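Hello,

Here is the structure we talked about.

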Amino acid sequence: MSNYREIKTKCNENPRKSHLIGSRMLGLRCVRLNVRSVLFIMLSFFLNTIKFSQTAINEMDMPVKSESHKTVNTSAFRSITSDDVSACPTNLECSKLSFPCISCSYNLSCHYGKPMNVTCEARQNVQCKENREFVRTAICRYCYQTEPWEHTCVRKAPCHTSYRTNCTVFPDVLCLGHRTFFKNLQCNWTQGFKWSTAVIISITLGGFGVDRFYLGHWQEGIGKLFSFGGLGIWTLIDVILISLHYLGPADGSLYI
């Protein structure tokens, strides 16, 4: 007990005592926090929260960018295409045709994400002009790794958080593997949260964490309440995030 009083007395003898907003005893060390340290800790916590949320969203997609260093070896690989060529146009240059009017062979050992040359030819019973065999440039990747705007998916409703559905790449996209694949998609559903209400609450009562409580982020709301909106910094950041639709309801639903 006497050792604790002695250490506490030494800590209080600091002449910069008036600039300190808190002190804490950890074993035999005296830890002091000034205004700059508190703001830095709060900002780090907030950025980590954003990073965790973004990571959770990215994990919903099937394609993973960690495969960018993998090498895809394709020896005489043939794309699986439909046999129905009745809808294929006629009197068109063969090089301008798309699936299922063409069949492509991937005979190169390609590196993921790098351009590659693909040899294609018009399918049988397809009438086209000029050479029936031609070369196109494509990106070395499987069809399930294509960008969202390069394939279309079957939407399902109703759902709660996410669902597994079939997706098919567009006819003009060249890729390895099956052109139809499974993918996890987030549901487009709402629970009645209004974006305009969230913005107004964030501007007027955001300093007390009411906006976080309204959206269901009660843990961050408690931290925001007891820190007085992160001394105004957290409040300002939340106003910007809600205005940009980056910060939404905790249950994953959409704004009305």
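Buried means under 20% relative accessible area, exposed over 50%, and partly exposed in between, with a 1.4 Å probe and protein chains only. Helices are DSSP runs of H or I with at least four residues, numbered from the N terminus. An α-helix has 3.6 residues a turn, so residues three or four places apart point the same way.

Now turn to the other side. After α5 comes Phe228, with a positive phi near 55°.

A word on the model. It is predicted, so local features need pLDDT of at least 70 and side-chain atom pairs count only at pLDDT 80 or more, while totals for chains, interfaces and linings use all residues. Residues are numbered from 1 along each chain as its sequence is written, and side-chain values use heavy atoms, leaving out hydrogens and water.

Next, zoom in on Lys224. Lys224 is buried, with a relative accessible area of 0%. Its contacts (heavy atoms within 4.5 Å) include Gly206, Asp211, Arg212, Trp234 and Asp238, not counting residues up to four places away in sequence.

How many salt bridges does a search of the whole structure find? There are four. A salt bridge is a side-chain nitrogen of Lys or Arg within 4 Å of a carboxyl oxygen of Asp or Glu.

- Asp211 pairs with Lys224, and the closest N and O atoms are 2.9 Å apart. This pair links distant parts of the chain: Asp211 is in helix α4 (residues 210-215) and Lys224 in helix α5, 13 residues apart. Both Asp211 and Lys224 are buried.
- Lys224 also meets Asp238, at 2.7 Å from N to O. Asp238 sits in helix α7 (residues 233-243) and Lys224 in α5, so the pair ties together parts that are 14 residues apart in sequence. Asp238 is buried, at 0% relative accessibility.
- Glu150 forms a salt bridge with Arg141, with 2.9 Å between the closest N and O atoms. Both Glu150 and Arg141 are buried.

Which residues form a network of salt bridges? Asp211, Arg212, Lys224 and Asp238 are linked in one.

Best wishes

Definitions and conventions
Helices (H or I, at least four residues) and strands (E, at least two) are DSSP runs, numbered from the N terminus.
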